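Please study the sequence and the structure shown below.

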Amino acid sequence: MAAASGSRQERWSLAGATALVTGGSKGIGHAIVEELAGLGARVHTCARNAAELEESRRQWAEKGLVVTVSVCDVSVPADREKLMDTVKATFAGTLDILVNNAGQAFLKPAAECTAEDYSHVMATNLESSFHLCQLVHPLLVRASIAGGGSVVHVSSIASYLGYPGLVLYCISKAAMNQLTRSLAAEWSQDKIRVNCVAPGAVTTDILKQVEPEFLEQEISRIPMQRCGEVEEVASVVSFLCMPASSYVTGQVIRIDGGRTISA
């Protein structure tokens, strides 16, 4: 019961925690950064676009949120290592939370996918998540937050369902689900929890690129009959980082309005 001790306010707070969120300049990542910071965490986030990052940082500063930023292409190993150097310097060698959110949706018929397509999608979505977990492990082992260090991966219901033209994206996200389970089993002895969220259709810039007919058909298969909002994903991610979820590990939580339980 020791891990669950503390006041209710402490269990549902991230005050004093430090967090790294990849891909935080827009969409779900932006909402996760804002949610974690709003709950008291000091957050560092990265993205490839320097202008978008700086605009996001300015917006967060205006809201009184403690967020630092740096440019990073997570598909590049050297960039990931540089990112960790920045995180260590920013948080004085500490880190409590890693959220692997950065990823790339890739639409192309399977028969036309090249070796380069495969390598890039896997490097961006899967390899980066695994490598960053390796890099932050020594820091998460020493996490000071109640309940221990926490890793949250952002997968997709495309890891469960087959979508034409999205084969590389689907298999990369399915692999993230298994990465979650395997690391959770291995790192529980280090008091590190590893979980994953799998969003369905969520209102982001990517969704705007989807053909209206396909989107209408997809929404018709969602019991709640609507797309999700980025804040609805961010709130679940935040819960998985809190002491309140100290007995939750190795789980892939679908945030899809019931899409994957419908016929």
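**Exercise 1: A threonine and its contacts**

Thr 260 lies in the segment after strand 7, where helices (H or I, at least four residues) and strands (E, at least two) are DSSP runs, numbered from the N terminus. The model is predicted, so that local features need pLDDT of at least 70 and side-chain atom pairs count only at pLDDT 80 or more, while totals for chains, interfaces and linings use all residues. Residues are numbered from 1 along each chain as its sequence is written, and side-chain values use heavy atoms, with hydrogens and water left out.

Task: State which side chains make a polar contact with the side chain of Thr 260.

Solution. A polar contact is a pair of N or O atoms within 3.5 Å; within protein, one must be able to donate a hydrogen and the other to accept it, and residues adjacent in sequence count only if both atoms are side-chain atoms. The side chain of Arg 254 forms such a contact with that of Thr 260 at 3.2 Å. The side chain of Asp 256 forms another, at 2.6 Å. Leaving aside residues up to four places away in sequence, Thr 260 touches Ile 157, Leu 161 and Arg 254, contact meaning heavy atoms within 4.5 Å.

**Exercise 2: Two packed helices**

Task: Describe how helix 2 (residues 27-38) packs against helix 8 (residues 230-241).

Solution. Two packed helices are described by the angle between their axes and the distance between the axes. For helix 2 and helix 8, the angle is about 50 degrees and the axes are 8 Å apart. Axes are lines fitted to C-alpha atoms, for helices over the stretch in contact, and angles run from 0 to 180 degrees between N-to-C directions. Helix 2 is therefore oblique to helix 8, since angles under 35 degrees count as roughly parallel, over 145 as roughly antiparallel, 65 to 115 as roughly perpendicular and the rest as oblique.
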